[in-house]
Amino acid sequence: MQNPIFSEQDIVSQYTEKQAVEDGILFDVAQIKPEWAIKGLFNYITSNLLSKGYLQSDKSFVPNVIDLLNQANHIVKTKSQNFKAFDHFFSGSIELPSGQKQKIFIQQNVTGKFTIMLPEDY
């Protein structure tokens, strides 16, 4: 076995997904439905993407977020040949709540699930 280039002692700073959720950079989809913490492909959406018409002051944003998750799921399903050829990165276009088209990136994160983001969030 090869020795890694860096060890735990070499880490100067670490920023976790939990910290990003607390800071409002990421949105944890389990906040909508707690069982999604275990089930499903996605666990985070960037706040920048949610600011494209998904955020509301009340719970009325939930159907739009579910639509976003469904569109992202369709991208992964299509690009992975019906979930048979998985990769760590996918991209595609979705329709925002405004009706405009938007390119998104879907990147596997350290949890093994995926984060949905705008290209500039990558």
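The structure holds 7 aromatic pairs, where rings of Phe, Tyr and Trp (its six-membered ring) pair if their centres lie within 6.5 Å. The planes of a pair count as stacked when under 30 degrees apart, as edge-to-face when over 60, and as tilted otherwise. Two of these pairs are set out below.

| Pair | Centre to centre | Angle between planes | Class |
|---|---|---|---|
| Phe83 and Phe86 | 6.2 Å | 20° | stacked |
| Phe89 and Phe105 | 5.0 Å | 70° | edge-to-face |

Phe89 lies in strand 3 (residues 89–95) and Phe105 in strand 4 (residues 101–108), so their pair ties together parts that are 16 residues apart in sequence. Helices (H or I, at least four residues) and strands (E, at least two) are DSSP runs, numbered from the N terminus. Phe105 is buried, with a relative accessible area of 14%, whereas Phe89 is partly exposed at 25%. Buried means under 20% relative accessible area, exposed over 50%, and partly exposed in between (1.4 Å probe, protein chains only). Phe83, at 32%, and Phe86, at 42%, are also partly exposed. Ring pairs link Phe83 and Phe86 with Phe90 and Phe114 into a cluster.

This is a predicted model: local features need pLDDT of at least 70, side-chain atom pairs count only at pLDDT 80 or more, and totals for chains, interfaces and linings use all residues. Residues are numbered from 1 along each chain as its sequence is written, and side-chain values use heavy atoms, with hydrogens and water left out.

The protein has 3 helices and 5 strands, in the order α-β-β-α-α-β-β-β along the sequence. Its C-alpha atoms fill a box of roughly 50 × 35 × 30 Å along the principal axes. Of the 122 residues, 33% are buried. Among contacts (heavy atoms within 4.5 Å) between residues at least 6 apart in sequence, 45% join residues at least 24 apart.

Helix 3 has 18 residues, which at 1.5 Å a residue should span 26 Å, and its end C-alpha atoms are 26 Å apart, in agreement. The expected span is 1.5 Å times one less than the number of residues. The buried residues of helix 3 are Val62, Val65, Leu68, Leu69, Gln71, Ala72, Ile75 and Val76. The elements that cover them include strand 2 (42–46), helix 2 (47–50), strand 3, strand 4 and strand 5 (114–117).

The loop between helix 3 and strand 3 holds Gln81 and Phe83. Most residues other than glycine have a negative phi. Gln81 counts as exposed, at 57% relative accessibility.

The largest pocket has a volume of about 180 Å³. On a 1 Å grid over the protein atoms alone, a pocket is an open set of points where a 1.4 Å probe fits, with protein on both sides within 12 Å along at least five of seven lines. Grid points are joined across faces, edges and corners, and the volume is the space filled by probe spheres set on the points. Lining residues, which have an atom within 4 Å of a point, are Val29, Trp36, Lys39, Gly40, Leu41, Phe42, Ile66, Leu69, Asn70 and Asn73. Helix 3 (residues 62–79) gives the most to this lining, with 4 residues. The lining divides into 6 nonpolar, 3 polar and 1 charged. Here Ala, Val, Leu, Ile, Met, Phe, Trp, Tyr, Cys and Pro count as nonpolar, Asp, Glu, Lys and Arg as charged, and the others, Gly among them, as polar.
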